[in-house]
Amino acid sequence: MKLLRNTSIAALTFLALVACSKAEAPVVDTAAAMTPPAAATASTPAADKEAVQAVNTAWFKAYNAHDVDAISALYADDAVVSAPGKPSARGAAAIKQAFTNDIAAATKAGIANNGGTSADVGVSGDLAWEWNTYSATDKSGKVVDKGKYVTLFERRNGKWVIIRDIWNSDG
């Protein structure tokens, strides 16, 4: 019985390791104006955190500029976006379409998306995450929604790209 249990544990460990390994997907190059050059090449923990936060800053800048191409370029080709009230968008084409629709609706409604100021960022090797808050404001500046998000990043070919993104409203 003990041999069977140990064999099962070893097999499950092996399967978990195999499931976690994958080939790297090609990286979409983001606009130079969206990511500071030093952030893409630095490798200290502080520089990595700064680079991750720069990607999220670029996200909000691109969203509010209604630049679907720039926002889509921040995501890996195999990323997943889980927006509230919608099915998850998996892969570059689905993510681009989701943001095309979302940004068009926000533009029509005059909504701006604003990042929070209480970011928690963690980096471990080539993976990083950011938790933060957001608010959505109308043309007059009135807050019409607020919530929080978690974004998971992976360093690929020296650049941080978003691989998972999820947010939800407090309302």
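**Entry 1: helix α3.** I listed the buried residues of α3 in this predicted model: Ala47, Asp48, Ala51, Val52, Ala54, Val55, Asn56, Ala58, Trp59, Phe60, Ala62 and Tyr63. Buried means under 20% relative accessible area, exposed over 50%, and partly exposed in between, using a 1.4 Å probe and protein chains only. I also noted that an α-helix has 3.6 residues a turn, so residues three or four places apart point the same way.

I checked the span of α3 next: its 20 residues reach 29 Å from first C-alpha to last, close to the expected 28 Å. That expected span is 1.5 Å times one less than the number of residues. After α3 I found histidine 66, with a positive phi near 60 degrees.

**Entry 2: tyrosine 63.** I placed tyrosine 63 in α3, which covers residues 45-64. Tyrosine 63 is buried, at 6% relative accessible area. What does tyrosine 63 touch, leaving out residues up to four places away in sequence? I got Ile71, Phe99, Asp102, Ile103, Ala106 and Asn113, where contact means heavy atoms within 4.5 Å. Threonine 107 is 44 residues from tyrosine 63 in sequence, and their C-alphas are 9.7 Å apart.

**Entry 3: whole chain.** I looked up five helices and seven strands; these are DSSP runs, helices being H or I of at least four residues and strands E of at least two, numbered from the N terminus. Of the chain's 171 residues, 35% count as buried.

**Ground rules.** Residues are numbered from 1 along each chain as its sequence is written, and side-chain values use heavy atoms, leaving out hydrogens and water. The model is predicted, with local features needing pLDDT of at least 70 and side-chain atom pairs counting only at pLDDT 80 or more, while totals for chains, interfaces and linings use all residues.
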